[in-house]
Amino acid sequence: MEKFLQQLPKLAKDKHNENKKFFDRLKKKAPKNMDYIMQDLHDREFERTDCLTCANCCKTTGPLFTTADIERIAKHFKMKPQQFIEKYLRIDEDNDYVLQSVPCTFLDAENYCMIYDVRPKACREFPHTDRKKFQQIANLTLKNVAICPAAYNIVEEMKKKIV
């Protein structure tokens, strides 16, 4: 897994143009059963992928925090939302709340999330490969294949399945 993780950014870069063309085609004409296909590919990949052996998403990128995320996590810590923001978050160039730094503050040494039960929506849904109307998040997916081995594998399987 470690070797694959090291190669992943280059693999994703090498496949970027191919993947972009594939997603451009999908946006124009997605199969009627696209959501079903994606759910199936997602489920099969995550039967063999253990995120705890990787946690690359937590180590290399940070999620966006919605207002609901901030309120829920602050409550978990028995803090006021503004205290949570001041302690852990910053506003990025898109005016979104993000972590002050990566790796994620809440990731422990064994790759467990210390706030798993109240984690941000972006973390709960990552890598977004089981999302309805998947073809609409092509740009996000193109980024995620460089971070997440499961997303990379799912996109490679998609290209075989949807011709």
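# Briefing on a predicted model

In this structure, the side chain of aspartate 69 reaches the backbone nitrogen of threonine 66 at 2.9 Å. The model is predicted.

**Aspartate 69**

- Aspartate 69 is located in helix H4.
- Its relative accessibility is 1%, so aspartate 69 counts as buried, the cut-off being under 20%.
- Leaving out residues up to four places away in sequence, aspartate 69 touches Leu64, Arg119, Pro120 and Lys121.

**Packing of helices H4 and H5**

- Helix H4 covers residues 67-76 and helix H5 covers residues 81-88; their axes lie 8 Å apart and the two helices pack at an angle of about 95°.
- H4 is therefore roughly perpendicular to H5, because angles of 65 to 115 degrees are placed in that class.
- On the H4 side the contact is made by Ile70, Glu71, Ile73 and Ala74, and on the H5 side by Pro81, Phe84 and Ile85.
- Of the residues in this contact, 6 are nonpolar, 1 is charged and none is polar.

**Nonpolar cores**

- The largest nonpolar core has 24 residues, and those that touch the most other members are Phe23, Leu26, Met34, Met38, Phe134, Met158 and Ile162.
- Two or more residues of this core come from each of helix H1 (2-28), helix H2 (34-48), helix H7 (138-144) and helix H8 (149-161).
- Methionine 158 is in contact with Phe22, Phe23, Leu26, Met34, Met38, Leu41 and Phe134, when its neighbours within four places in sequence are set aside.
- There is also a second, separate core of 15 residues, among them Ile73, Phe84, Leu89 and Ile115.

**From the H2-H3 loop into helix H3**

- Aspartate 50 belongs to the loop between H2 and helix H3 (56-60).
- With a relative accessibility of 40%, aspartate 50 counts as partly exposed.
- The side chain of aspartate 50 reaches the backbone nitrogen of leucine 52 at 3.0 Å.
- Although aspartate 50 and alanine 150 are 100 residues apart in sequence, their C-alpha atoms are 9.2 Å apart in space.
- Alanine 55 is also placed in the loop between H2 and H3, and its relative accessibility of 7% makes it buried.
- The phi angle of alanine 55 is near 55°, a positive value in a residue other than glycine.
- Asparagine 56 is in helix H3, and it is buried, with a relative accessible area of 13%.
- Asparagine 56 touches Leu5, Thr61 and Ile147, not counting residues up to four places away in sequence.

**Proline 103 and its cis peptide bond**

- Proline 103 is found in the loop between strand S3 (97-99) and helix H6 (121-125).
- The peptide bond from valine 102 to proline 103 is cis, with omega near 0°.
- Proline 103 counts as partly exposed at 47% relative accessibility.
- Residues up to four places away in sequence aside, proline 103 touches Cys58 and Lys59.
- Proline 103 and asparagine 56 are 47 residues apart along the chain, and their C-alpha atoms are separated by 8.9 Å.

**The loop between H6 and H7**

- Proline 127 has its place in the loop between H6 and H7, and the peptide bond from phenylalanine 126 to proline 127 is cis, with omega near 5°.
- Lysine 133 lies in the loop between H6 and H7.
- Lysine 133 is not a glycine, yet its phi is positive, at about 50°.
- The relative accessible area of lysine 133 is 46%, so this residue is partly exposed.

Conventions: Residues are numbered from 1 along each chain as its sequence is written. This is a predicted model: local features need pLDDT of at least 70, side-chain atom pairs count only at pLDDT 80 or more; totals for chains, interfaces and linings use all residues. Side-chain values use heavy atoms; hydrogens and water are left out. Axes are lines fitted to C-alpha atoms, for helices over the stretch in contact, and angles run from 0 to 180 degrees between N-to-C directions. Helices (H or I, at least four residues) and strands (E, at least two) are DSSP runs, numbered from the N terminus. Angles under 35 degrees count as roughly parallel, over 145 as roughly antiparallel, 65 to 115 as roughly perpendicular and the rest as oblique. Contact means heavy atoms within 4.5 Å. Ala, Val, Leu, Ile, Met, Phe, Trp, Tyr, Cys and Pro count as nonpolar, Asp, Glu, Lys and Arg as charged, and the others, Gly among them, as polar. A nonpolar core is a set of buried Ala, Val, Leu, Ile, Met, Phe, Trp, Tyr and Cys residues joined through side-chain atoms within 4.5 Å. Buried means under 20% relative accessible area, exposed over 50%, partly exposed in between (1.4 Å probe, protein chains only). A polar contact is a pair of N or O atoms within 3.5 Å; within protein, one must be able to donate a hydrogen and the other to accept it, and residues adjacent in sequence count only if both atoms are side-chain atoms.
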